[in-house]
Amino acid sequence: MTKTTGLRLEEITPKNLDTALGVRVRPDQEFAVAPVVKSLAEAYVHSGSAWPRLIMDGDRAVGFLMAFLDADWHEDGGSVVRSGLWRLNIAAGEQGKGYGRFAVESVAAEIRARGGKEFHVTWHPGEHGPEGFYLGLGFRENGEVVEGETVGVLDLA
């Protein structure tokens, strides 16, 4: 991990919108995560549960994340409510420096602060996908597949 100067999450605002839109993953990873512009559009239409943030290291944007907090998982009126990580885009030149781990830990802290006991994530299986990253952080597959993505869960209790 590279020495970081000041990791933090920053709310997306008119001032940093273009910076957020400029975050791009490696080309071989584009199959596995939507671009930031799509995430922000989804955050707009899911404003009650989406939690988009820019990942900053000092004055540099190194990534983007979007959590879902207390989301109606089956969109059926709340039979299952979950929180977790919806998107994680670490900029191509910034990968392997601990920023993804920081993002996951930050979302876990937010879920815990809201009383959550489980952290959910989904990922596209395949080469260059994030499965190994999530499994390495302790997520376990729960047997669900949603829109072709594997569902993982991390116990926060």
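In this predicted model, the lining of the largest pocket draws at least two residues from each of helix 2, strand 3, strand 4, helix 3, strand 5 and helix 4 (131-136). Strand 4 supplies the largest share of that lining, with six residues. The pocket holds about 1,200 Å³ of space. Its lining comprises 41 residues, and those nearest the centre are Leu85, Trp86, Arg87, Thr122 and Glu149. Sorted by class, the lining residues are 18 nonpolar, 13 polar and ten charged.

Leu85 also belongs to the largest nonpolar core, a set of 24 residues in which Leu85 and Phe119 have the most contacts. Two or more residues of this core come from each of strand 2, strand 3, strand 4, helix 3 (99-113) and strand 5 (118-123). Helix 3 gives the largest share, seven residues. When neighbours within four places in sequence are set aside, leucine 85 is in contact with Leu65, Met66, Ala67, Phe68, Val104, Val107, Phe119, His120, Val121, Thr122 and Tyr134.

An α-helix has 3.6 residues a turn, so residues three or four places apart point the same way.

Alanine 32 is placed in the loop between helix 1 and helix 2. Its relative accessible area is 19%, and it is therefore classed as buried, the limit being under 20%. Apart from neighbours within four places in sequence, alanine 32 is in contact with His124 and Pro130. Between alanine 32 and proline 125 the separation is 93 residues in sequence, whereas their C-alpha atoms are 8.1 Å apart in space.

Helix 3 contains glutamate 110. With a relative accessible area of 22%, glutamate 110 is partly exposed, because this value lies between the limits of 20% and 50%. Beyond its neighbours within four places in sequence, glutamate 110 is in contact with Trp51 and Leu69. Glutamate 110 and glycine 98 are twelve residues apart in sequence, and the distance between their C-alpha atoms is 19 Å.

Threonine 150 is located in strand 7. Its relative accessibility of 11% is under 20%, so threonine 150 counts as buried. Not counting residues up to four places away in sequence, threonine 150 touches Val121, Thr122, Trp123, Pro125, Glu141 and Glu144. One of these contacts, Thr122, is also listed among the residues nearest the centre of the largest pocket.

Glycine 138 occupies the loop between helix 4 and strand 6. Glycine 138 is partly exposed, with a relative accessible area of 41%. Residues up to four places away in sequence being left out, glycine 138 touches Val153 and Leu154. Its C-alpha atom lies 9.4 Å from that of glycine 152, a residue 14 places away in sequence.

Glutamate 75 is not a glycine, yet has a positive phi of about 50°. This residue is found in the loop between strand 3 (60-72) and strand 4 (81-90). Its relative accessibility of 65% is over 50%, so glutamate 75 counts as exposed. Glutamate 147, likewise not a glycine, has a positive phi of about 50°. Its position is in the loop between strand 6 (140-146) and strand 7 (149-155). The relative accessible area of glutamate 147 is 77%, and the residue is therefore exposed.

Conventions
Residues numbered from 1 in each chain as written. Predicted model: local features only at pLDDT ≥ 70, side-chain atom pairs only at ≥ 80, totals over all residues. Heavy atoms only, no water. Helix = DSSP H or I, 4+ residues; strand = E, 2+ residues; numbered from the N terminus. Buried < 20%, exposed > 50% of the residue type's maximum accessible area, 1.4 Å probe, protein only. Core = buried A, V, L, I, M, F, W, Y, C linked by side-chain atoms within 4.5 Å. Contact = heavy atoms within 4.5 Å. 1 Å grid on protein atoms, 1.4 Å probe; cavity = no way out; pocket = protein on both sides within 12 Å on 5 of 7 lines; lining within 4 Å. Points joined across faces, edges and corners; volume = space filled by probe spheres on them. Nonpolar A, V, L, I, M, F, W, Y, C, P; charged D, E, K, R; others polar.
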